[in-house]
Amino acid sequence: MKLNNNDLQSFEELPQGWAVTTLGKILPLTYGKALKKETRDGSGSVPVYGSSGRVGVHSNALTKKPALIVGRKGSVGEVYHSPVPCWPIDTVYFAEESEDGDLKYFEYLLKGLRLSKLDKSTAVPGLSRDDYNAVEVAIAPLDQQKRIVAEIEKQFSRLDEGVANLKRVKANLKRYKAAVLKAAVEGRLVETEAELARREGRSYETGEQLLQRILETRRSQWQGKGKYKEPTAPNTTDLPGLPEGWVWATLNQIGQEGRPIIYGIIKPGPHDPNGVPYVRVTEMKDGFIDLENLRRVTPARAAKFARATLAPGDVLISKDGTIGRVAVVPSQLAGGNITQHVMRAPINELMCRDYVVWAIRSDSCQKWLTGETKGVALRGVNVEDFRRLPIPVPPVSEQERILAEVGRRLTILHETEAQVDSNLMRAENTRKSMLGKAFSGGLVTDLQEVTGRVDGRGRVLKTKGETHD
């Protein structure tokens, strides 16, 4: 039998004593009461709950007993258990402890039911009490509720330990990735070109010589009027020392002549399905651009910001809000554009573009960008600061070796991350499966010794061993 609005439980037969009812009858909800932050007594010990969980303390409680809190607005359907009297605010419902049921039993039941799927709102998420009340559930007798809770907590304890270990592995992988990038831009990941050339008894082009070649190329390509203005060199006073053969350069110095580092379209306006695609910060993910969710701007609007037109291989960097995300423009986005919150940084063809991407994603460059943020409402980095971003430049051959080694190590890292994520997903599915078994009478196995069949309205028809006339 399929229960109404209940994907957790499905019954053809029930353990003895179980009955089908509705949430409105078995666990009616009461509206919380507003309690503004400025009116709360911060020295109190009574927990205050909102739809996102515990949000503060107060000196008085709204409930007289421990309670379950259910998100009504915002984090719809989230369930929290307060083991002491508390104050649920007006964005939640609550149900107080009673002698007729085990509060932890209903906490696990509501979590398993995933009440968020009852949200029908379009603007602000919300849970209707009428929809909640109509959900059909099969409920165990009180003595069985306690046994079921004990078994859930025993099983979840083991599962939680495994999940905690997986999350520690994931955190360690994140630290390892940062360490790889840090070593890469400090000349510690591979043998330096200086060391290699010395051992092989040959000369090599240093990073400084490479930079001079880039600057000479840019000078020769300049087609402007008046006197050519050299890109400003970095201020190295507070920068760390570099390995032999390396040099500091600004992002502007290693750019392309005639294509400045610049931001894009201000106020793109409504989406134009036939217009010019443009990249927002939200589409920049882990070095790539999410092409499926791009918006488009009218050709006329894009033409006003033609200075920021994209070419394959351009490096994009987020400059406002989430600062320092980096992505590379693929060939499909040639002729596209960006918003005012994204910076386009064309990289000189004499540099390894992907090395520059990893350098910008390294901890040292990210910290430098964070240190240059300005503004109050919307924190960001301005154009001139981006042009001054210091980049460590090794010889080209060393850039290529660094890229190869970073790629090798991160490939292994990504494979390991995928395994961890797969195991985390498997753990979540196991958790859901456990709840399904628990609330269908299958987790505590001896509950199945005596069962009863139910009709379409949830009425018990027969228990094991009984017959009907």
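What radius of gyration does the protein have, and what would a compact globule of 469 residues have? The protein has 31 Å, whereas a compact globule of 469 residues would have a value near 23 Å. The radius is taken over C-alpha atoms, and the globule rule is 2.2 Å times the number of residues to the power 0.38.

This is a predicted model, in which local features need pLDDT of at least 70 and side-chain atom pairs count only at pLDDT 80 or more, while totals for chains, interfaces and linings use all residues. Residues are numbered from 1 along each chain as its sequence is written, and side-chain values use heavy atoms, with hydrogens and water left out.

**Overall form**

The C-alpha trace spans about 100 × 50 × 50 Å along its principal axes. The protein has 11 helices and 23 strands; these are DSSP runs numbered from the N terminus, with helices being H or I of at least four residues and strands E of at least two. Of the 469 residues, 47% are buried. Buried means under 20% relative accessible area, exposed means over 50%, and partly exposed lies in between (1.4 Å probe, protein chains only). Among contacts (heavy atoms within 4.5 Å) with a separation of 6 or more, 73% are between residues 24 or more positions apart.

The protein exposes about 24200 Å², and carbon and sulfur atoms supply 50% of that area. Accessible areas come from the Shrake-Rupley method with a 1.4 Å probe; for residues, only the protein chains shown count as cover.

**Helix 2 and its ends**

Helix 2 (residues 103-113) is mostly covered, with nine of its 11 residues buried. Among them are Leu103, Tyr105, Phe106 and Glu107. Glutamate 107 counts as buried because its relative accessibility is 6%. Not counting residues up to four places away in sequence, glutamate 107 touches Leu68, Val79 and His81.

At the start of helix 2, a side-chain oxygen of aspartate 102 reaches to within 2.9 Å of the backbone nitrogen of lysine 104. The side chain of lysine 104 makes a polar contact of 3.0 Å with the side chain of glutamate 107. A polar contact is a pair of N or O atoms within 3.5 Å; within protein, one must be able to donate a hydrogen and the other to accept it, and residues adjacent in sequence count only if both atoms are side-chain atoms.

Just after helix 2 comes arginine 114, with a positive phi of about 50°. Arginine 114 lies in the loop between helix 2 and helix 3 (129-134). Asparagine 5, in the segment before strand 1 (13-15), also has a positive phi, near 55°. Most residues other than glycine have a negative phi.

The buried residues of helix 8 (residues 353-361) include Tyr355, Ile360 and Arg361. The buried residues of this helix pack against several elements, including helix 4 (142-185), helix 9 (363-371) and helix 11 (396-438).

Arg361 is also one of the residues that aspartate 286 touches, along with Lys177 and His414, not counting residues up to four places away in sequence. Aspartate 286 lies in the loop between strand 14 (284-285) and strand 15 (288-289). A polar contact of 3.4 Å joins its side chain to that of lysine 177. Aspartate 286 and arginine 325 are 39 residues apart in sequence and 7.7 Å apart in space, C-alpha to C-alpha.
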